[in-house]
Amino acid sequence: MFIPFNKPYLPLSSMKTIMASALSGTIAGNGRFTKKCHRFFEDRFGFGKVLLTTSCTDALEMASLLCRIEPGDEVILPSFTFMSTANPFLLRGANLVFADTLPDVPNIDPEEIEKLVTPRSKVIVVVHYGGFACDMDRIMEIAQRHHLWVVEDAAHAVDSYYRGKPLGSIGNFGAFSFHETKNIISGEGGLLIINDENQRQRAEIIWEKGTNRASFYRGEIDKYGWVDLGSSYLPSDTIAAFLWTQLNHFNRIQNRRKKIWWLYYELLRPLEDQGYLKCPVIPDYATVNGNLFYFTVSSLEVRDCLLKHLKNNGIQAVFHYLPLHSSAFFKNKYTGPDLPNTNRFSNCIIRLPFFYSLRNRQMKFVVNKINDFFLTR
Ligand SMILES: *Cc1c(COP(=O)(O)O)cnc(C)c1O
């Protein structure tokens with residue numbers, strides 16, 4: 001038996017929408033399917049304004065431009081994340097200030113944010129790890145008190161909530177990813193959520209190379225031109241057509257992924273009760289969106305042995321993340337304090353195979369092998 005870590009959900013009907021897009025003759029950005037996808041997110045989650053992007057990384061780059069990051073501005077963010085949380089701000093010249101995670105949840109610790117605020121602070125970037133909400137009331141309160149922007153890296157967090165509010169809708173900006181490893185996919189792709197009404201127009205301009213082309217096509221102005229900084233952040237409408245099929249299957253995908261999550265959780269709880277591992281802690285303000293399944297073991301050594309054991313049994317499990325502050329690129333630039341919780345999660349997290357077509361018997365096989373590992377050690 002071989003069980004891969006990920007297998008993208010690729011229904012044959014995607015081909016039909018891609019064909020329809022190609023045959024329509026308009027395949028550049030901001031076409032018919034792009035508008036359908038925008039409407040889906042605005043209707044389903046009540047987002048005021050969204051823009052499809054070529055990736056979540058690009059959506060975050062737009063957020064960095066919208067926050068008007070200038071050299072020397074400080075951006076507070078977790079170290080326990082993907083480099084795409086950091087790059088967009090570093091590209092604008094920001095100084096990265098890494099905050100540790102909570103002790104029991106691999107999300108940024110609001111108390112650590114508070115300690116790191118200085119007069120140069122400009123933005124707080126949060127990551128809802130595995131789709132589990134950060135403590136947003138506390139984070140928004142800190143941001144408001146110090147006049148900081150809040151950007152939600154919601155790459156994992158489509159269809160997840162904080163006290164009933166959709167993630168991505170709480171900060172000034174939110175960013176989803178449709179990379180093939182996420183819940184809803186388009187190969188590469190993303191979405192920027194613009195929650196401030198007075199940032200909507202500028203977001204559209206940045207999206208289309210610094211032009212007011214979107215206003216022009218709505219007939220609001222009679223010619224368009226270069227009015228601000230920008231880049232080409234909009235995907236081809238053919239990508240949006242692919243995404244549209246995923247959105248039509250949104251409930252089906254999400255129902256299955258959430259079931260997979262809860263089945264892993266149930267199957268692993270006995271090992272948690274026996275003290276071999278720790279299942280994810282779900283804060284009372286957070287929900288499960290079936291993005292990924294992780295658990296933690298007691299040490300780096302146990303983690304590596306267990307990953308090897310699973311690999312020998314044909315199971316592709318992985319660790320997560322190499323902290324940004326100790327990465328090859330950043331470690332020589334890092335002058336902040338030690339981040340013990342970040343290091344512990346980085347050493348001890350294991351992620352299990354997780355994808356729509358994963359069968360219950362495959363999950364049972366995975367958990368049996370984990371059982372064998374601990375019970376025969
Ligand atoms: C996947 C991911 C990204 C990047 O998403 P892309 O769409 O690949 O650019 C950013 N942040 C986090 C936390 C991610 O997991």
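Me: Why is Glu 114 called partly exposed?

Reply: Its relative accessible area is 23%. Buried means under 20% and exposed over 50%, with partly exposed in between (1.4 Å probe, protein chains only), so Glu 114 is partly exposed. This is a predicted model, in which local features need pLDDT of at least 70, side-chain atom pairs count only at pLDDT 80 or more, and totals for chains, interfaces and linings use all residues. Residues are numbered from 1 along each chain as its sequence is written, and side-chain values use heavy atoms, leaving out hydrogens and water.

Me: What makes the contact of Arg 138 and Glu 114 a salt bridge?

Reply: The N to O distance is 3.6 Å. A salt bridge requires a side-chain nitrogen of Lys or Arg within 4 Å of a carboxyl oxygen of Asp or Glu, so the pair qualifies.

Me: Which parts does that pair tie together?

Reply: Arg 138 is in helix 6 (residues 136-146) and Glu 114 in helix 5 (residues 110-116), so the bridge joins parts 24 residues apart in sequence. Helices here are DSSP runs (H or I, at least four residues), numbered from the N terminus.

Me: How do you know that Glu 141 forms a salt bridge with Arg 138?

Reply: Their closest N and O atoms are 2.7 Å apart, so the pair meets the definition. The two residues are three apart in helix 6, about one helical turn.
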